[in-house]
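Here are my comments on the model you sent, written as numbered points so that each can be checked against the coordinates. Please open the structure alongside them.

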Amino acid sequence: MSTVIPIQSASAAGSAPATPIPYAELVQPDRVHTSLYTNPAIFTEEMDKVFYSNWIWVGHVSEVPEPGSFKSTWIGQQPVVLVRDRKKELHVLLNRCRHRGATVCEHKKGKTASFVCPYHGWGYGLDGSLRGVPHPESYGDTLEKDKLGLVSLRVEEYAGMVFATFKDDLMPLAEWLGPAKKWMDLFMKQAGGYPVKVAGEHRFTFPGNWKIQLENTTDAYHFPLVHKSFLSSLDEQAKKTFDFVDGPGYVEDLGNGHSVMVMIPELIDLEADLDKPIPDRFAELAQALRDEGHDEAKVRRIVRAVGGTGFNLNLYPNVACSMAFFRVLRPVSVNETEIHHAAIVMDGGPAIANQYRLRLHEHFQGPMGFGTPDDGEAWERVQKGARAGEDLWIMVNRGLPGEKPGTDGPRGDVSAETGMRAAYRQWLKSMTA
Amino acid sequence: MNTALQTDVLNDVTAFLWAEADMLDNELYEEWLQLWQEDGLYIVPIDPRETDHENTLNYAYDNAKMRQMRVRRLTGGESISTSPEPRTVRMASRFRIVEDDGTTLTVRCAQFLTDFRKENQHQYTANLVYTLRRHETGFRIVRKVVKLINADDVLQTIGYIL
């Protein structure tokens, strides 16, 4: 395996401004400066200091289930491939041939025995090692094959979620996640006792900065306004469930930029309260499962899990476990962001229950969903509005007065901007490290 | 049955599907809803090669209830992404009847759609596959599958019916 090639810093690349950006002045405890959305120099530094210096989500284990399974994706602006080798070990490889730099994989996902560069035929194993070079004789004995594998990043996994980093000296993933780990464990209970499986994703872009979407995952304040048309499409009972802004939920800072927003406290633990009445909207599913011969305990477990958890967990900087799906962001440029909403099903679970999950995902998510397009419109307007006035601030002070110590960090009411403050505190730490 | 030479049937199908396109571009959604069989399905898959739409993720998988709710969402004034509403022009062509058992037909065609909203114009190109059932007043739609050629890439908001 090859060693990690150090990433040239933005300043060394000559793209940093002549005078350093005064980050500490741009991020206050209760507000952040609008230039964080609009300044291309900040974006360039973010790639280096946020995306190439932290643990970054690259996929879920179910996306690469077997030896040879792969998924191509991005870390910041760099194309990478997540792949499982013959020994079932996971690798994250830079998608770049070591000879002349062509990508070695142009499929979004699939199964392969090796990666072969189409330009000059250099072939790599599933672990990235250089296997063969056509007509090697011209190199004499100078070709150091063991040093010319695909660049391989550090990879670690927790609760089936796979992260990679360029940094050899970064803290272990488990330490980075800290208190977020117990929320990840709770999130995975939504497969009703089966393994969690990613079953496709919706991908869409919006013309705005990535931090606008980062903020949104723990923003309950917008929900009844932006998602009015979604709420109107629900039955009365479900409408009540989603009417959480005045409710007893909360947002808690989990450290390292992570935060959790609990919208529906009774749905934190999907394995608790299994004898509670089944909501009307799942009554038909419950009956269908009984008709298939599942016992009542299993029916209740699946039905309670099928709608997802009652919380959104934001894992800084690029992934969230959001009610019933993984929400992934990819920064494209200072004012363009790609969002992936990965649907989750129960691997091996009853088909009818998985169909329910898929239909629920389609109802809200994606470019044709009843929720996502309205989020996109709101985010787009933030970016456009950010062009009005040079010296304006983004307010993230909501809920500050009532903030109290929680289990793992400051805790505000459900529509408090505690999660955004947590993310920006970490962002400032990254940018000034 | 030799479907290639059924030009009269092809004419009827073409007139029906052009009328559907006209209804969607002119936001005649109530009329559009009447074109459907009660148990009909409107499907926009995330992978144009997928055939098992029920057990895979789609952009839309609408039964009668979802179609009605979608129309309500597009016209109800509660959705900020459809106000101002997008304008669309779609051209459907290359109609081919690929199956006809006398009651039900399968029709394939091409659709080029341009949308415009606020400051942006987009293009969506798709292969459409319809299942139509003969009806006393023409046809009813049993199934409409919209296979966007870039369905597995990154899309932008689609605040209308494809």
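The points below cover the basis of the note, strands, aromatic rings, charges over rings and nonpolar cores.

1. This is a predicted model, in which local features need pLDDT of at least 70 and side-chain atom pairs count only at pLDDT 80 or more, while totals for chains, interfaces and linings use all residues. Residues are numbered from 1 along each chain as its sequence is written, chains are lettered from A and ligands numbered from 1 in the order in which they are written, and side-chain values use heavy atoms, with hydrogens and water left out.

2. I would begin with strand β18 of chain A, residues 325–333, where helices (H or I, at least four residues) and strands (E, at least two) are DSSP runs numbered from the N terminus. Seven of its nine residues are buried, so β18(A) is largely enclosed by the rest of the structure; buried here means under 20% relative accessible area, exposed over 50%, and partly exposed in between (1.4 Å probe, protein chains only).

3. Two strands are taken to pair if DSSP finds at least two bridges between them. Strand β17 (residues 319–322) of chain A runs antiparallel to β18(A) and is joined to it by four bridges, with S322(A) having F325(A) as its bridge partner. The hairpin of these two strands has two residues between them, and M323(A) takes a positive phi near 50° there. Strand β19 (residues 336–346) of chain A is also antiparallel to β18(A), with eight bridges; L329(A) stands opposite I339(A), and a hairpin joins β18(A) to β19(A) through two residues.

4. An open sheet of seven strands in chain A has the order β3-β12-β11-β6-β5-β4-β7, with antiparallel pairing. Its edge strands, each pairing on one side only, are β3 (56–60) and β7 (109–111). Between β3(A) and strand β12 (residues 161–165) of chain A there are four bridges, and H60(A) has M161(A) as its bridge partner.

5. How many aromatic pairs are found over all chains? The search of the whole structure gives 23, counting rings of Phe, Tyr and Trp (its six-membered ring) whose centres lie within 6.5 Å, with planes under 30 degrees apart called stacked, over 60 edge-to-face and the rest tilted. One of them is the edge-to-face pair of F70(A) and F115(A), at 5.8 Å centre to centre and 75° between the planes. This pair links distant parts of the chain, since F70(A) lies in strand β4 (residues 69–75) and F115(A) in strand β8 (residues 115–116), 45 residues apart. F70(A) is buried, with a relative accessible area of 5%, and F115(A) is buried as well, at 3%.

6. F187(A) and F326(A) form a tilted pair, 5.7 Å centre to centre with 45° between the planes. Here F187(A) belongs to helix α5 (residues 180–187) and F326(A) to β18(A), 139 residues apart, and both residues are buried. They also belong to one aromatic cluster with W57(A), F163(A), W183(A) and F311(A).

7. A charge sits over a ring if NZ of Lys or CZ of Arg is within 6 Å of the ring centre and within 35 degrees of the ring normal. The charged end of R359(A) sits over the ring of Y61(B), 4.0 Å from its centre, and that of R398(A) over the ring of Y221(A), 3.5 Å from its centre.

8. The largest nonpolar core has 90 residues, and F326(A) and W427(A) have the most contacts inside it; such a core is a set of buried Ala, Val, Leu, Ile, Met, Phe, Trp, Tyr and Cys residues joined through side-chain atoms within 4.5 Å. Domain 1 (56–165) and domain 2 (179–432) of chain A both give residues to this core, so it lies between them, the domain bounds coming from an automatic or database domain assignment. A second, separate core of 45 residues includes I46(B), L105(B), F139(B) and I161(B).
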